[in-house]
Every structure is written in C-alpha cells, then in structure tokens.
Amino acid sequence: MAIDPGTEAQLSDDALELFVEGADWESVVDAVEDDRITVNMGPQHPSTHGVLRMVLDLDGETVTRLTPIIGYLHTGIEKNAEVRTWVQGTTFFTRMDYLAPLFNETAFCLGVEKLLDIEVPERAQAVRVILMEFNRIASHLVWLATGGMELGSTTMMVFGFREREHVLDLFESQSGLRMNHAYIRPGGLAQDVTEDFVERCEALLELLPRKIADYEDLLKRNPIWNDRLRGIGPLDADTATRYGVTGPLLRAAGVPFDLRKAQPYSGYEQYDFDVPTETGADSYARFLLRIEEMRQSMRIIRQALDTLPGGPVMVADKHIAWPSQQSLGVDGIGNDPEYIRHIMGESMEALINHFKLTTQGFTVPAGQVYVPVESPRGELGYAITSTGTNKPYRVHVREPSFVNLQAADVMARGQMIADVVVVVASLDPVMGGVDR
Amino acid sequence: MGLESKLPNGILLTNVERFVNYSRSTSLWPATFGLACCAIEMMTSGGPRHDMARFGMEVFRASPRQADLMIVAGRVSNKMAPVLRRIYDQMSDPKWVLSMGVCATSGGMFNNYALVQGVDHVVPVDMYVPGCPPRPEMLLDGILKLREKISEETFAEQGAHA
Amino acid sequence: MSEFAVPTRTHGLARVALPLEAIAARVTAHFPQVETLQAYGELTFHVAPEELVALLTFCRDDEELDTALLSDLSGVHWPAGDHVIERQASTTGWPEYRISREQGVIEVLYILRSLSRNHWFRVSVGTPDDAPKLPSVTGVFATANFHEREVFDFFGVEFEGHPNLTRILMPDDWIGHPHRKDYPLGGVDIPYKNDKFIPPPDERDLREVID
C-alpha cells in the first residue's frame with residue numbers, strides 16, 4: 001500500500017496529520033493513540049483498475065471507511081457530444097466504457113432510434129446482439145485477467161488476454177478496429193458483416209467453451225483463489241438496491257434482474273437463455289456468476305447465428321440511413337463505384353442528400369428518452385434530450401461503474417486492507433466509464 | 001543522472017557512451033501508467049500474442065522509482081496532470097516518456113475543457129505513438145524507435161532533457 | 001457471509017410491467033399537483049421541489065409502485081432567452097420548435113425503477129439556474145450521493161441536506177460548472193477556425209470561464 005506523503009487525504013477536523021517518509025514509522029506508532037490511520041491509495045496504483053484513488057481509514061489493518069475519489073479520467077464526453085451530430089455521437093460514446101464499446105454504441109443508437117421512431121432491420125439487430133454478447137465475454141475475460149493479476153495469478157492474466165485477442169480479431173474483421181469501433185450507427189450498422197462472419201463466430205464458439213472450462217479447472221478449486229475471494233466484499237440485495245448497484249453484483253446477491261429479460265431490446269426476447277444468479281453475495285459468487293454469464297452469452301450467440309436473417313443492415317429512409325451499403329472500390333479503399341456514379345452522375349438530389357447527411361447530419365424530433373441496456377457491469381442507461389436539431393441537446397450516461405463504485409465503501413468495511421484490492425476487482429469498475 | 005554527469009564529455013568516452021546506451025536501451029523498465037483505452041492495449045502488448053518480453057521489457061514496475069520509461073497510455077485530464085508530473089518527478093534519471101495514442105499526444109478528438117491538450121504540456125515527451133488506440137504492434141514499434149533514439153544519444157543530450 | 005444470503009425483500013421479477021396509466025393514476029391520487037406527461041412510451045412526472053422528497057419516498061415505500069432503485073439522476077440546463085430551432089424540411093421535415101423562457105431553469109431528472117414490478121418512470125423537477133437549490137434525496141436513496149455530487153459539479157445545483165456536497169469529477173479548485181450551456185466547451189482553438197493559431201503552451205488558459 002503506497003503512502004504518498006504529499007497527497008492530502010480527506011481528514012476530519014480533529015484528525016492528526018502525519019507525514020511519513022522513509023523509515024520513521026516509529027513516530028507514527030507513538031503519535032497515533034487509538035491505532036487509527038488514514039492511508040491514501042492511488043490514483044496511480046497497480047491494483048486500482050486505472051486511475052481510481054481511495055482514501056482508507058484503517059483501524060490497525062481493518063478498513064473502517066473507504067472513500068473513493070474519482071474524476072482523474074474525466075473527459076467531458078457528454079459535453080463534447082453536444083457540439084457534434086447524432087452520428088458522430090457514436091464515436092464519442094464508444095470511448096466511454098472502453099471494455100464494452102459496443103454496449104455504449106447500441107444504447108446510444110437505441111435512444112436515437114426511439115426518438116426517431118424507426119425500427120432497425122432484423123439483420124442489424126441480430127448482428128448487434130451477437131457482437132454485444134461477444135463483447136460481454138471479452139469484458140469478463142479482462143475482468144478475470146486483471147482480477148487474477150491483482151491477486152498475483154499471472155497465469156490468469158495471460159490466459160484472459162490470450163482468449164480476448166481472438167474475440168478482438170472478430171471485431172477487427174467486422175469494424176476495422178480492435179476497440180472503440182463506432183460500428184453500430186443510428187439506424188443500423190456501419191456496414192454489413194463480412195462473408196466469413198458466421199465462420200469466424202463458429203470458430204470462437206468452438207474455442208471459448210474449452211477455455212472457459214480451463215479457467216474453472218484452474219480457479220474453482222484453487223485454495224488461494226478460494227481463500228482470497230470467499231466471504232470478501234459482501235453485498236446483500238437490500239444494500240445493493242439502496243446503492244443502486246445492478247449487474248453481476250446484484251445477481252450475485254440473488255436478484256435475477258437483467259434488462260435483457262426485464263425490458264428486452266434488439267430482439268432479446270426471441271432467444272432462450274437463463275439469468276444466472278448466485279446466493280453467496282461475495283466476491284467468489286461474482287466470479288462464478290461471470291463465468292456462467294459467459295456461457296449464457298454463448299447460448300445467445302448460438303441461437304442468433306442459427307437464425308441470422310438476411311436483408312439490409314440499415315433503415316431504408318435515405319434521410320437517416322448513413323450510406324452503408326457500399327463495397328470497396330477497385331483500389332481497395334474508398335466508396336462503391338456504383339454509388340459514386342449514382343450521386344455524381346445521375347441524381348443531383350442524391351448528391352445534395354449525401355452532402356447534407358455527411359456534413360450536417362439528420363435532425364431528431366424533440367423529446368427526452370431514457371434507454372437502458374444490460375452491459376457487463378449493469379444497467380447502462382442513456383438519458384438523451386433532443387430539441388429537434390441535428391445535435392443532441394444533452395446526453396447523460398448512467399454508467400454502472402460510476403454507480404456501483406459507491407458500494408465499495410460498504411463492501412470494504414470490516415475487511416482487511418489487503419482485501420480492498422479484491423473488493424475493487426470484484427466491482428469491476430472501468431474508470432473510463434466512471435469518469436466519462 | 002548517474003556517474004557520467006561527473007565526467008567531462010570527450011572522445012575517449014564515446015565507447016563508454018555506446019556501452020551505457022546499449023545497456024539502457026535494451027532493458028527499459030516501463031512504469032505502469034495506464035489511464036484509459038490505451039492502457040488495455042498496453043496490457044495486451046505484455047500479453048501472450050504480442051509478448052513485450054521479447055524485447056526485454058516485460059517488467060512493468062508499479063513504483064516510479066524503479067522505472068525509466070513512462071508510457072502515458074490514454075487521455076490526461078486536468079485533474080490527473082499534477083499527479084502525472086509528480087510521478088514523472090519521482091522517476092530516477094535517465095528517464096524517457098512515450099506518449100501513447102492521440103489523446104495523450106494532442107488531446108485528440110476530445111478538444112474540451114476537461115483534458116490537457118497534449119501531455120507535452122506537462123512532461124517532456126521523447127516519442128509519440130499515434131492511433132486511437134494504437135495497436136500493440138504500433139506501441140512496440142514506438143518503443144523500438146525510442147530504443148534507437150536512446151542508443152544514439154550522447155551524455156550531454158541526456159543531461160539536457162532530464 | 002451467510003446473513004447476506006437471503007434477500008429480505010421480494011425481488012422476484014414480474015414479466016408484465018405495470019401499465020403507465022396505472023402508475024400515473026396511483027401517483028396523482030396521492031399528489032394531485034403533479035403534472036403527468038407521456039411521450040415515447042415513457043412516463044414523466046413534473047413535480048415542485050417542495051414535494052420532491054415526499055413523492056420519492058412515497059414511490060419507494062408504496063407497495064404497488066415499489067421503486068426500490070433510483071436508476072439515474074441527471075441534469076439538463078435550459079438557459080433563459082429565445083431559442084428557435086428552424087424547420088429543416090430538406091432533410092427530415094420536422095416542425096419548427098420555439099423554446100422561450102424568461103427564467104433559466106436547471107431540470108433535474110430522476111429515473112425510478114421497480115425491480116419487483118418491472119416498470120420505471122421519470123420524475124422531473126426544475127430549479128432557477130441563477131440560484132439552483134433542491135432538497136437532497138440521499139435520505140431516500142443512498143445511491144443519490146454520487147449522482148447529486150455530479151449534478152452539483154456540472155450544474156451547480158445545491159442539494160440541501162447532502163452529507164458531502166463537493167466536486168466529484170472536476171478538480172476541487174475548478175471555477176464554473178462545465179455542463180451548463182453558458183460554459184464554453186473549452187479546449188484549444190483549432191487553427192482553421194477564425195484564423196486563430198494555437199498559442200504556445202505557457203500562454204494557454206485552459207480554465208478560461210465566461211462568468
């Protein structure tokens with residue numbers, strides 16, 4: 001635990017302030033009467049999942065209070081989106097929770113589509129579901145990897161990132177980017193999936209179950225893993241609800257709340273899957289739950305692949321549809337020559353529309369909507385306010401990481417200081433989402 | 001800076017320089033300074049597929065005291081900037097900074113109130129890696145370029161930027 | 001660990017959500033002054049600041065509504081003055097909008113969700129933007145703590161009764177509330193705009209605020 005002498009901890013008025021440098025611990029022990037001490041952890045600390053800073057009140061080695069201090073990654077994405085068009089918004093929001101970019105894109109696009117009152121083609125919906133579920137697996141893999149690394153299990157870190165690469169290969173083949181795809185657009189998808197999409201998905205569905213079984217074999221009966229996770233960071237259902245905690249943490253406390261079931265979107269109602277729950281309500285239960293969630297995700301992908309419909313991936317309305325049905329030109333880059341010939345040679349109106357759509361964007365009717373989706377970390381909600389222009393008036397993001405982090409205090413109280421790392425790891429906060 | 005700052009610069013030292021630079025450039029110890037999306041790609045670079053260990057630099061150090069390369073991986077907010085500078089000051093000489101991704105390099109697409117528009121306002125940067133986020137291969141390439149740069153530096157130059 | 005195992009409250013999920021009309025009737029029966037708005041299949045209650053805490057407490061404790069979860073709390077700034085959004089028939093053909101108000105308002109939106117009944121609705125409350133002040137709901141929902149700090153940070157709304165109302169995302173010494181509409185986006189000017197060039201780093205004022 002790093003003690004940073006220069007950083008001011010949040011001390012109460014009557015607290016004793018001591019600056020510790022080097023080996024003068026003797027003076028601390030003499031000066032502190034009731035063995036209580038305030039320690040700063042972070043924001044640059046290897047076990048805090050990015051730039052999270054925590055101020056810990058300690059009684060000996062027991063945590064009596066944990067104060068998360070956030071904002072070290074505040075990017076102003078919400079404000080920045082107010083000066084960009086609706087389509088450009090996807091590019092911003094995908095960079096928010098960078099382990100679940102496709103969920104951010106989908107949630108934002110669902111909000112815009114709700115305001116526009118348009119129905120996305122079935123094929124686009126199915127592809128969204130497939131990619132989102134793969135994204136959930138990738139996110140849980142990073143959780144396993146970083147969580148394992150923080151507990152000293154380097155093997156788990158290597159394993160998690162190894163399998164995640166395969167998932168990223170799929171994303172890259174479809175969107176061109178490993179992360180921050182901006183692949184899902186208001187009205188559908190940026191472009192249709194490639195010909196080998198199903199093949200690639202099948203290969204992943206063949207590979208991943210074996211690997212997930214490996215993780216279980218490695219960790220489930222591992223005495224160190226058990227000792228460090230069981231009973232650590234308890235959070236019961238009532239407390240979780242009071243603190244607004246959703247997602248795996250709530251389900252690990254026995255509440256089967258999953259927005260995919262509760263308020264289905266993107267056609268989740270057609271797929272047969274279970275909402276796994278655990279009753280342990282501790283870090284170990286969350287580990288078991290996330291493993292099971294990966295299995296359920298694969299069940300959904302399996303069904304979605306089997307019933308993958310054909311057809312367009314973008315709405316037909318040319319006032320909204322980004323020109324997505326474009327193939328590559330002969331030079332390997334650029335637009336479809338057919339499309340270029342149409343807008344440049346045949347129709348002046350088509351050219352004007354193309355120009356206005358790409359520079360000015362489309363307008364969205366005035367109103368307020370709130371659209372939640374089930375991200376790997378819980379309820380990811382987009383509260384969008386439109387005033388009928390081509391730009392959002394205000395977008396507020398209900399980030400599950402941000403809300404869940406409040407529960408870190410109640411989870412860590414009474415635990416040993418070494419278990420704070422486990423508590424934070426089991427919360428799985430992504431600081432890009434917390435700070436936005 | 002170490003012993004060489006006590007020595008006069010001269011022709012006799014060129015071989016020493018070459019030897020020292022060779023040692024320094026081939027065993028860079030990066031500090032774990034992950035901020036945002038790029039941090040995930042930085043971790044991936046240490047992972048099995050890209051395997052930074054091939055270049056003798058898989059030891060990411062949690063303490064800035066033990067590191068000589070700071071990879072600024074991600075967007076630097078105004079709130080983070082003083083912390084970043086503090087960590088840089090804690091690193092022992094000689095030290096290098098690699099700015100990873102457009103956000104760290106120039107603020108990137110987030111040209112707004114919250115972000116420092118380029119980490120070079122806060123610390124001197126030796127190598128910029130573009131991309132959002134850069135692929136692990138790009139990061140490795142950036143580090144290899146930085147190694148070339150280090151191996152050509154003279155002691156006087158190193159003293160100047162420290 | 002074992003004492004946390006059994007949830008004391010019923011959390012079983014009903015598959016069919018309560019219809020919006022039933023929720024509206026239930027709330028207006030107890031709070032007749034509340035204005036109800038339905039749009040986009042979403043239900044919004046516009047409530048006066050004095051009634052806010054009572055309404056939220058009622059919604060949480062009422063057996064029929066049972067909104068145990070405060071999903072979201074956010075702010076929207078509507079500055080004073082005339083704002084005309086012109087008709088843009090050439091692209092989508094939406095009508096012209098005219099927003100005009102004498103007094104700038106900061107609207108704070110609460111999303112209440114029921115886990116047992118599987119419904120949600122929105123509560124909206126306004127406060128003047130020159131001296132924004134609202135009662136804190138941290139006593140009703142513990143989760144409001146971070147949310148209210150965020151709205152204070154970004155909009156300057158003072159939540160009375162909040163245990164620790166300090167800035168949460170911006171640095172403690174920051175001036176201004178960045179998500180208000182009168183706060184500029186900030187950043188550095190792009191050279192192609194207005195022929196301005198980026199000043200050297202030591203001459204840039206990144207905290208420039210128009211008060």
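Student: What percentage of the residues in chain B is buried?
Tutor: In this predicted model, buried residues make up 49% of the 162 residues in chain B. A residue is buried if 20 or more other C-beta atoms, placed from the backbone, lie within 10 Å of its own.

Student: What does the numbering follow, and what are the cut-offs for the model?
Tutor: Residues are numbered from 1 along each chain as its sequence is written, while chains are lettered from A and ligands numbered from 1 in the order in which they are written. Local features need pLDDT of at least 70 and side-chain atom pairs count only at pLDDT 80 or more, but totals for chains, interfaces and linings use all residues.

Student: How many helices and strands are in chain B?
Tutor: Chain B has six helices and four strands. Helices (H or I, at least four residues) and strands (E, at least two) are DSSP runs, numbered from the N terminus. From that end, the order is α-β-α-β-α-β-α-β-α-α.

Student: Where do H2(B) and H5(B) meet?
Tutor: Glu41(B), Met42(B), Thr44(B) and Ser45(B) in H2(B) meet Pro136(B), Leu139(B) and Leu140(B) in H5(B). Residues are in contact if their C-beta atoms, placed from the backbone, lie within 7 Å. That contact divides into four nonpolar, two polar and one charged residue. Nonpolar means Ala, Val, Leu, Ile, Met, Phe, Trp, Tyr, Cys and Pro; charged means Asp, Glu, Lys and Arg; the others, Gly among them, are polar.

Student: And at what angle do the two axes cross?
Tutor: The axes of H2(B) and H5(B), residues 136-152, come within 9 Å and cross at roughly 75°. H2(B) is therefore roughly perpendicular to H5(B), a label for angles of 65 to 115 degrees. Axes are lines fitted to C-alpha atoms, for helices over the stretch in contact, and angles run from 0 to 180 degrees between N-to-C directions.

Student: New topic. How many residues does each chain put into the contact?
Tutor: Chain B puts in 28 residues and chain A 24 residues. On the chain B side, H2 (37-46) and H3 (81-90) each supply at least two residues. H2(B) gives the most, with five residues.

Student: Which strands form the open sheet in chain A?
Tutor: Three strands, in the order E6-E7-E8, with antiparallel pairing. Strands pair if DSSP finds at least two bridges between them; nine bridges join E6(A) to E7(A). Pro372(A) stands opposite Gly381(A) in E7(A).

Student: Which helix packs on the sheet?
Tutor: H4(A), residues 101-116, touches E6 and E7 of chain A. The direction of H4(A) makes about 150° with that of E6(A).

Key
Contact = placed C-beta atoms within 7 Å. Parallel < 35°, antiparallel > 145°, perpendicular 65-115°, else oblique. Buried ≥ 20, exposed ≤ 12 C-beta atoms within 10 Å, placed from the backbone.
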